[in-house]
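Please keep the sequence and the 3D view at hand while reading.

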Amino acid sequence: MKYILALDQGTTSSRAILFDCNGRVAGKAYQEFRQIYPRAGWVEHDPKDILGSQVGVIAEALVRAGASLSDVEGVGVSNQRETTLVWNAQTGEPIYNAIVWQCRRTADMCDKLKEEGLDKLIYQKTGLVADAYFSATKIKWILNNVAGARDLARAGRLRFGTVDTYLLYALSGGRIYATDYTNAARTMLFNIHTLKWDDDLLSLFDIPRSMLPEVYPSGYDYGRTDGTFLGRELNICAVAGDQQAALFGHLCTNKGDIKNTYGTGCFLLMNTGKSPVDSRNGLITSLAAGIEPAPDYILEGSVFVGGAAVQWLRDELRVISTAAESEELALKVPSSDGVYVVPAFTGLGAPYWDARARGAIVGITRGTSREHIVRATLEGIAYQVADIVRAMELDAGVKIAELRVDGGASANNFLMAFQSDILNCSVLRPAVVETTALGAAYLAGITSGIWSGVEELKNNERTERVFTPSMGDEERSRLLSGWHTAIAAARLRQG
Ligand code: ADP
């Protein structure tokens with residue numbers, strides 16, 4: 001039996017999943033690793049923890065599958081995006097911890113870019129909003145703050161990489177220095193139109209070209225790992241940022257195909273085909289993972305508080321004891337009875353972009369029960385997703401036919417049914433919920449020749465459940481109008 005090994009290097013854990021040639025999970029293992037918070041708002045990872053945990057889980061996944069390294073046809077890597085590492089080219093040693101995408105230490109730098117009006121140039125070239133999430137200001141911070149870094153950089157002796165690049169470099173003993181389009185597109189240094197590192201942006205951030213890896217399609221023959229590292233050389237056949245890997249895992253390879261991941265936050269990605277779509281609604285324009293030389297474009301939007309709203313019900317309001325109980329309670333009442341919960345705990349993202357908005361519960365009466373609040377909270381997640389889907393439809397000029405879903409909260413049947421009703425389209429939940437790893441495996445499997453292409457995979461695709469809308473147009477309009485009144489309440493300036 002031949003297998004594809006997917007390495008899914010995430011923000012809080014590293015996973016290894018072995019897929020067989022039918023795309024089924026044969027064995028998996030995962031390990032959490034340390035989060036480092038040096039100051040309020042700062043987040044780092046120790047590169048040794050990233051590498052150690054990722055290598056550590058490979059053997060365990062193989063054992064669980066009863067397989068050995070010689071059965072592995074190819075490796076696909078998916079990774080937390082934007083997280084930034086800089087290392088010495090001679091020694092391979094990082095000169096600072098990995099600065100994690102969530103880290104806000106460069107927020108002031110980004111405010112300054114906006115004050116100077118440079119955010120427009122950045123958007124034109126990269127499709128991104130000028131934000132501290134993306135790698136460019138993090139690299140600049142390292143060069144400005146680590147003793148001697150600037151001199152080493154000028155002398156061409158430093159290398160920058162997102163997590164994928166660092167893993168490839170380490171696993172190949174420095175032979176592979178590369179990334180893929182989806183990861184490059186999150187650095188704020190990559191021009192998504194020319195598909196090249198952008199000289200204007202490199203000089204804006206004062207980053208030498210010698211610090212940047214080569215960029216290839218996600219499905220590509222990246223080279224082989226060093227035999228001394230894992231005990232055997234393995235072919236790296238794919239690299240993709242986690243959300244784009246998930247989009248490919250859902251086989252959303254046609255224009256208008258869209259997926260949402262319901263995790264702590266929600267990540268919506270829509271394939272917009274061969275040409276980039278400018279957003280008038282504050283969405284990000286970026287690149288999709290694929291096997292062709294020129295990537296498709298995507299629109300991306302995120303909901304800051306998704307499944308985290310359910311954690312809030314459990315840990316702060318304490319009206320449920322497990323996340324799954326939210327479904328049971330929501331179904332005990334026929335409706336939320338005019339109650340809306342807007343979980344804008346940290347402000348509102350697309351399409352509102354209001355950092356000062358705060359959460360709101362509106363429409364409560366003497367008869368409002370915890371069941372209503374729980375139900376309205378789940379509905380609040382679905383409404384936020386619907387707002388982004390509508391923004392995408394407007395920007396891209398397409399009407400979506402179905403939404404593909406994954407992530408922890410997609411297990412909630414009430415939430416999925418309500419999502420389908422409020423979007424008035426089908427919601428498809430796949431049988432393999434490890435969609436990120438599956439996407440990396442699909443890309444690697446096509447590249448290594450295990451699968452002939454997307455069509456073959458589509459024929460084998462298994463959907464666990466399809467939710468179809470049953471709500472009337474009038475009710476949908478009434479509910480959406482109530483939601484938008486609640487959004488207005490969440491945006492009222494307090495004090
Ligand atoms: P992440 O990758 O962001 O850590 P996961 O995909 O593991 O997230 O999903 C975890 C989130 O899903 C949590 O916020 C949790 O509250 C939510 N969640 C898990 N199960 C359910 C459920 N049955 N109903 C609603 N929310 C759920």
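Which helix supplies the largest share of the shell around the ligand?

## The shell around the ligand

In this predicted model, the largest share of the shell comes from helix H11, which spans residues 308–315 and contributes three residues. The ligand is surrounded by 13 residues, and the closest of them are Thr 264, Gly 307, Gln 311, Gly 408 and Asn 412.

## Polar contacts and cover of the ligand

In the side chain of Thr 264, an N or O atom lies 2.6 Å from an oxygen atom of the ligand, while a polar side-chain atom of Gln 311 is 3.4 Å from an oxygen atom of the ligand. On the backbone side, a polar atom of Ala 409 is placed 3.4 Å from a ligand oxygen atom. Taken on its own, the ligand has 580 Å² of accessible area, and the protein covers 66% of it.

Is Ser 53 buried or exposed? The relative accessible area of Ser 53 is 2%, and because buried means under 20%, this residue counts as buried.

Leaving aside residues up to four places away in sequence, Ser 53 touches Ser 14, Gln 31 and Phe 33. With Ser 14 there is also a polar contact, in which the side chain of Ser 53 and the side chain of Ser 14 meet at 2.8 Å.

## The chain as a whole

The protein chain contains 17 helices and 23 strands. Its radius of gyration is 22 Å, close to the 23 Å that the globule rule gives for 495 residues, and the chain is therefore as compact as a globular protein of that length. Along the principal axes, the C-alpha trace of the protein chain spans about 70 × 55 × 40 Å.

Of the 495 residues in the protein chain, 58% are buried. When contacts between residues at least 6 apart in sequence are considered, 71% of them join residues at least 24 apart. The accessible surface of the protein chain comes to about 19,400 Å², and carbon and sulfur atoms account for 49% of that surface.

Conventions:
Residues are numbered from 1 along each chain as its sequence is written. This is a predicted model: local features need pLDDT of at least 70, side-chain atom pairs count only at pLDDT 80 or more; totals for chains, interfaces and linings use all residues. Side-chain values use heavy atoms; hydrogens and water are left out. A residue is near a molecule or strand if one of its heavy atoms lies within 4 Å of it. A polar contact is a pair of N or O atoms within 3.5 Å; within protein, one must be able to donate a hydrogen and the other to accept it, and residues adjacent in sequence count only if both atoms are side-chain atoms. Accessible areas come from the Shrake-Rupley method with a 1.4 Å probe; for residues, only the protein chains shown count as cover. Helices (H or I, at least four residues) and strands (E, at least two) are DSSP runs, numbered from the N terminus. Buried means under 20% relative accessible area, exposed over 50%, partly exposed in between (1.4 Å probe, protein chains only). Contact means heavy atoms within 4.5 Å. The radius of gyration is taken over C-alpha atoms; the globule rule is 2.2 Å times the number of residues to the power 0.38.
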